[in-house]
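This report describes a single protein chain, moving from its annotation and fold to individual residues. Please consult the sequence and the model shown here while reading.

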Amino acid sequence: MWDGLREHAVTAMGTLRLISGSIEVCAGLLMLYFQSLEKAMAINATLALVGPTVLILVTATGLAAMAEELSWGRMVLIFTGVGLILWGIFSD
C-alpha cells in the first residue's frame, strides 16, 4: 500500500514542479512581450508568491508519503528548514 502512495507522491511532486517551471517560462515570455520595466516587476512580484507556495506543496507531499519512515524530530527539522528558507525570502 505504501509503495503506491510513494509513487503517487513522486508523480504529484514532479507535476507540481513542471507546472511551476511552466509558470516561470510563461512569466519570462510575458516580460519579453510587454517590454515594460513596470510590468516586468509586477510579474516578478507574482512569481515571488508562486515559488514558496510550490516549495511548501512539494515538501508537504513528500513528507506525507514518508511520514511512516521519518521520526517526529526529523520532520520538525525539515519544517524548520523550510520555515527558515521562507523567512530568508520574505524578511527585510
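## Annotated regions and the model

An unreviewed UniProt entry lists residues 12-34, 46-66 and 72-90 under "transmembrane region". The structure discussed here is a predicted model, and the two later spans can be examined in it directly. Residues 46-66 are 100% helix and 0% strand, with their end C-alpha atoms 31 Å apart. Residues 72-90 are likewise 100% helix and 0% strand, and the end C-alpha atoms of that span lie 27 Å apart.

## Confidence

The mean pLDDT of the protein is 90, and 97% of the residues score at least 70. Confidence is highest in helix α1 (residues 2-34), with a mean of 93, and lowest in helix α3 (residues 72-90), with a mean of 88.

## Overall architecture

The protein contains 3 helices and 0 strands, giving the pattern α-α-α along the sequence. Along the principal axes, the C-alpha atoms occupy a box of roughly 50 × 30 × 10 Å.

The radius of gyration is 17 Å, whereas a compact globule of 92 residues would have a value near 12 Å. Buried residues account for 22% of the 92 residues.

## Helix α2 and its buried residues

Helix α2 comprises 30 residues (residues 37-66), and at 1.5 Å a residue it should span 44 Å. The C-alpha atoms at its ends are 43 Å apart, which agrees with that expectation. The buried residues of α2 include Ala40, Ile43, Leu47, Val50, Val54, Val58 and Ala65. Pro52, Thr59 and Gly62 are also among the buried residues of this helix. In general, an α-helix has 3.6 residues a turn, so residues three or four places apart point the same way.

Two of these positions can be related to other parts of the chain. Leu47, in helix α2, has a relative accessibility of 13% and therefore counts as buried, the cut-off being under 20%. Leu47 and Ala27 are 20 residues apart in sequence, with their C-alpha atoms 7.9 Å apart in space. Ala65 also lies in helix α2 and is buried, with a relative accessible area of 11%. The C-alpha atoms of Ala65 and Ala9 are separated by 6.2 Å, although 56 residues separate the two in sequence.

A search of the whole structure finds 1 salt bridge. It joins the side chains of Glu69 and Arg6, at 2.3 Å from N to O. The pair links distant parts of the chain, since Glu69 is in the loop between α2 and α3 while Arg6 is in helix α1, 63 residues away. In general, side chains of opposite charge can pair when their charged atoms come close.

How accessible are the two partners, Glu69 and Arg6? Glu69 has a relative accessible area of 53% and is exposed, whereas Arg6 is partly exposed at 33%.

The structure holds 1 aromatic pair. Tyr33 and Phe34 form this pair in an edge-to-face arrangement, with 5.3 Å from centre to centre and 70° between the planes. Tyr33 is exposed, at 65% relative accessibility, while Phe34 is partly exposed, at 36%.

Gln35 is located in the loop between α1 and α2. Its phi angle is near 50°, a positive value in a residue other than glycine. With a relative accessibility of 63%, Gln35 counts as exposed because the value is over 50%.

Glu24 is located in helix α1. Its relative accessible area is 38%, and Glu24 is therefore classed as partly exposed, a class that lies between the cut-offs of 20% and 50%. The C-alpha atoms of Glu24 and Ile85 are 19 Å apart, and the two residues are 61 positions apart along the chain.

Key: Residues numbered from 1 in each chain as written. Predicted model: local features only at pLDDT ≥ 70, side-chain atom pairs only at ≥ 80, totals over all residues. Heavy atoms only, no water. Helix = DSSP H or I, 4+ residues; strand = E, 2+ residues; numbered from the N terminus. Expected span 1.5 Å × (residues − 1). Buried < 20%, exposed > 50% of the residue type's maximum accessible area, 1.4 Å probe, protein only. UniProt positions renumbered as here; feature names shortened; annotations may be inferred. pLDDT = per-residue confidence, 0-100. Salt bridge = Lys/Arg side-chain N within 4 Å of Asp/Glu carboxyl O. Phe/Tyr/Trp six-rings, centres within 6.5 Å; stacked < 30°, edge-to-face > 60°. Rg over C-alpha atoms; globule rule 2.2 N^0.38 Å.
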